[in-house]
Amino acid sequence: MTRRFAPHELRPHTALDGIWDFAYLGDVDTDQVVLDSIAFDDLMAVPGCFDATPAYAGRRGLAAYRTRVRVEAGRQRLVFDGVQHWCRVFWNGEPIREHAGGFTRFWAETEAEAGEAEITILVDNRFGERAPLHMEHFDWYAYGGIARSVELHRLGEAWIDGLAIATESVAERRVRVRVDYAANAAAPLPLVIECDGRIVLEEQVDLAESGSVERTVELPWAAPWSPSDPALSTLSVRLGGDDMRERFGIRDVRTENGRITVNGEPVTLLGVNRHEAHPQFGHTQPEALVVADVQQLRDLGCNFVRGSHYPLDPLFLDLCDEAGILVWCESIGWQYPVEHLTDPAFIDAQLAHIDEMVAASRNHPSIILWGILNECPSWSEEGHPVYARLLGRLRELDPTRPVTYASVNAHDDKCFDLVDVVSANTYPGWYFGGVEDIPGELDRIAAHVDALGHADKPLIISEIGAGAVPGHVDQLGSLWTESYQSDLLDTVIGHLLGGQDRISGLAIWVLGDFRTTEQRDFLLRRPRGVNDKGLIDEYRRPKQAFRTVRQHFRRNG
């Protein structure tokens, strides 16, 4: 797993990224598959999305991946950073874990004898009951496969499952560290906490078979993290013979007087939404692509990016930490129908997905907002208790960050009372009205939110934009031309930065073009089968609007 720091120094672990044996099984009953009968007649890159490759482009069905690895005797943990959409994990032919959801880290464990082990993963990218969070109508193509990295860890008598580092005081450089652990048996073990090469705590702790140890430490040498000075520290915890390392930043995020503040300083968020998609790689993010995307965000003058509409790749978050780019990280979702929000199985799946999202990403200082359920029925009476439950789970897991969601219709929304930050998606000049109507619509949204009694909450325009077919121009500057998109965004940003002072955040839809669903009604509204509202096309080539936005953002950054 490519990271900008080493998560382990003591724990034995092996990267399993590479070329695996592969078989596409198609539209078959997963429970009827006999592993020994699978003919692995092809190869596939891991990480990678099989339905983005030439041989399997656009196919939906079951696929099988296989690799072999030599192991020492003991407890083995396979760590997956993301598999789309559903998978079943086998170790030497025995099932050891199932997982649904995509875009989040999970693991599968087993006890193994020394020798060569065969690892087989059945991966299903079909829509249905096995993957309740993925739906065919989503306005992006839901690629399938082992889309993110895989590692094999060997665990000892006691091991660390996670670290949570939370700032208690920026002024006093004080952080709270929680160590989640498990052990084969209750026993006392030495605990050592080290930060930036300095031991800050050393003691003996009595462990149960599972639990948590919390300690507060002061780091007087550490500089605070901020967008203008993204200072980072690395904290290492050793528990017996195991260890875990996390990188973090000391910083405080709050909402005050209608603004988001970082370390007490109000920030104006200027940025974009970003999908993790590429025509050749699907949801997989090669290192060069991630670096290039961050370079283009910096070139634009962005200080903010919203992950759309699922948890983000760990390496991308590492780079945002380093660049001082503020991040909205949200759970998967796009216009779920009301009946989904009242389905207990769906709610349980969302809760599990949120748990995994926060566990994987909570130590990134760049993340300043947690989000849920993009453009879902927050306008419905049935939606309110569901939003309350999911937002409540986020606050329970991480009370240090504000929570939000992107409303599809701010004028009818019934859940703004539940959030710390109000966020509205709106498309004046595109789906309704003309460019000249944009200032009035933005002002109406702000006035409506304030009239509901939320004038003290920050207000973000979480999506706004227009489509532009790359290279398309005409004398009229009509819809779908690059010039129309450029003019529309020029009006949006000009008003937000010069015509009002209530809205303090903007996430343009979207950084890059991306493939949409195969549903015919969408394809008929998406030239080239692509959502082409990007400032750059799907191959990262800038459109006219890129330069327009860059001029505004750099002038006001």
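The structure is a prediction, so local features are reported only at pLDDT of at least 70 and side-chain atom pairs only at pLDDT 80 or more, while totals for chains, interfaces and linings use all residues. Residues are numbered from 1 along each chain as its sequence is written, and side-chain values use heavy atoms, with hydrogens and water left out.

Side chains of opposite charge can pair when their charged atoms come close. A salt bridge was assigned where a side-chain nitrogen of Lys or Arg lies within 4 Å of a carboxyl oxygen of Asp or Glu. The count under this rule is 48 salt bridges.

Arg245 pairs with Glu9. Their closest N and O atoms are 3.8 Å apart. Elements follow DSSP runs numbered from the N terminus: helices are H or I runs of at least four residues, and strands are E runs of at least two. Accessibility was classed by relative accessible area: buried is under 20%, exposed is over 50%, and partly exposed lies in between (1.4 Å probe, protein chains only). Arg245 is buried, at 15%. Glu9 is exposed, at 57%.

A salt bridge also joins Arg126 and Asp27, with an N to O distance of 2.7 Å. This pair links two loops that are distant in the chain. Arg126 is in the loop between β9 (115-124) and β10 (150-155). Asp27 is in the loop between β2 (18-26) and β3 (42-46). The two residues are 99 residues apart. Arg126 is buried, with a relative accessibility of 17%. Asp27, in contrast, is exposed, with a relative accessible area of 69%.

Glu118 and Arg68 form a salt bridge at 2.9 Å, N to O. Here the partners come from strands: Glu118 lies in β9 and Arg68 in β4 (residues 62-71), so the contact ties together parts 50 residues apart in sequence. Glu118 is partly exposed, at 24% relative accessibility. Arg68 is also partly exposed, at 40%.

Beyond these pairs, a network of salt bridges links Arg148, Arg274, Glu276, Asp293, Asp313 and Arg540. Arg540 is buried, at 11% relative accessibility. Its place is in the loop between β30 (530-531) and α9 (544-556).

Glu375 is another non-glycine residue with a positive phi, here about 50°. Glu375 is located in the loop between β24 (367-372) and α5 (383-397). Glu375 is buried, with a relative accessible area of 8%.

Cis peptide bonds were also assigned. One joins Val46 and Pro47, with omega of about 0°. Pro47 lies in the loop between β3 and β4. Another cis peptide bond joins Ser308 and His309, where omega is about -15°. His309 is found in the loop between β22 (304-307) and α2 (314-323).
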